[in-house]
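Good morning, and thank you for your time.

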Amino acid sequence: MIYMLEDDANIRNFVLYALNNSGLEAKGFERPSEFWAALKEETPSVLLLDIMLPEEDGMQVLAKLRSNPEYAGLPVIMLTAKGSEYDKVIGLDSGADDYVAKPFGTMELISRIKALLRRIDRVKKEDLNYGTIRIDVSRHTVQVDGNEVELTYKEYEILKYLMKNRGIVLTRDSLMEKIWGYDFEHGNRTVDVHIQSLRK
C-alpha cells in the first residue's frame with residue numbers, strides 16, 4: 001500500500017489513478033489529520049508527501065514520523081513545487097528517502113517508487129533473528145521477547161556481528177579488529193566489558 005498526502009485534488013487523483021493502474025495499490029489524503037488517522041489502521045510501504053499542506057506542512061509530518069519509533073523507518077518520497085537544490089538538501093537531510101519536484105512525470109515517479117521498494121526489500125533481508133532476539137538493520141534497533149533494548153553503538157555492532165556469524169567461534173582479536181578496526185594492548189578487556197554488558 002502506498003499513501004499520498006497531497007492537498008491538490010487534481011495532482012492527487014491523477015497520481016493515484018496512475019499508481020493503481022500500474023499495479024501499485026494506493027490511497028490519497030488531502031489533510032494530515034486524515035493521513036494520521038489512516039496510519040493507525042495500516043502502515044504503508046511508501047509515503048508520497050507534499051510539503052505545502054493545510055494544518056501542518058510536510059516537513060512537520062516528516063519530523064513526527066522520524067521521531068516515532070513505530071514509523072521511523074517508513075520510506076518517504078517528498079513531492080513539492082520547490083525545486084531548488086537547497087530545498088532538496090533540507091528534505092533529504094530531514095529524513096526523506098527521495099525527492100521529486102513538481103511538475104513530475106508519473107512514469108518517473110513510479111520508477112522511483114519501485115526502486116525505493118527494491119532497496120527496502122534488500123535491507124529487510126538483512127534483518128537478523130535468533131531465538132527471541134531480533135535486529136532491525138534498517139532502523140538499528142534490537143528487540144528481545146518483543147521488547148526494544150537500548151544498546152550502545154559498539155554493543156549493537158558486536159551483537160550484529162555475532163548473529164551474522166552464529167555457530168562460528170570468534171576470538172577477541174577478531175572482534176577487536178572487526179568492530180574497532182584496530183588492535184591494542186588492552187583490547188581484550190574492552191571486548192570483555194562489552195560482552196558482559198550484552199549478556200546482562
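**Overall make-up and selected residues**

Of the contacts in the protein with a separation of 6 or more, 51% are accounted for by residues 24 or more positions apart, a contact being heavy atoms within 4.5 Å. Please note that this is a predicted model, in which local features need pLDDT of at least 70, side-chain atom pairs count only at pLDDT 80 or more, and totals for chains, interfaces and linings use all residues. Residues are numbered from 1 along each chain as its sequence is written, and side-chain values use heavy atoms, with hydrogens and water left out.

The protein contains eight helices and nine strands; these are DSSP runs, numbered from the N terminus, with helices being H or I of at least four residues and strands E of at least two. It has 200 residues, of which 38% count as buried, meaning under 20% relative accessible area, with exposed being over 50% and partly exposed in between (1.4 Å probe, protein chains only).

Let me turn to the aromatic residues. How many aromatic pairs does a search of the whole structure find? The search gives four, where rings of Phe, Tyr and Trp (its six-membered ring) pair if their centres lie within 6.5 Å, and planes under 30 degrees apart count as stacked, over 60 as edge-to-face and the rest as tilted. One of them joins Y3 and F29 edge-to-face, at 4.9 Å centre to centre and 80 degrees between the planes. Y3 belongs to strand β1 (residues 2-5) and F29 to strand β2 (residues 26-29), so this pair ties together parts 26 residues apart in sequence. Y3 and F29 are both buried. Y3 also forms an edge-to-face pair with F35, with 6.2 Å centre to centre and 85 degrees between the planes. That pair links distant parts of the chain, since F35 sits in helix α2 (residues 32-41), 32 residues from Y3. Ring pairs link Y3, F29, F35 and W36 into a cluster.

D50 lies in strand β3 (residues 46-50). Is D50 buried or exposed? Its relative accessibility is 3%, so D50 counts as buried. The D50 side chain makes a polar contact with the side chain of K102 at 3.2 Å; such a contact is a pair of N or O atoms within 3.5 Å, where, within protein, one must be able to donate a hydrogen and the other to accept it, and residues adjacent in sequence count only if both atoms are side-chain atoms. Leaving aside residues up to four places away in sequence, D50 touches residues including L5, G58 and L79.
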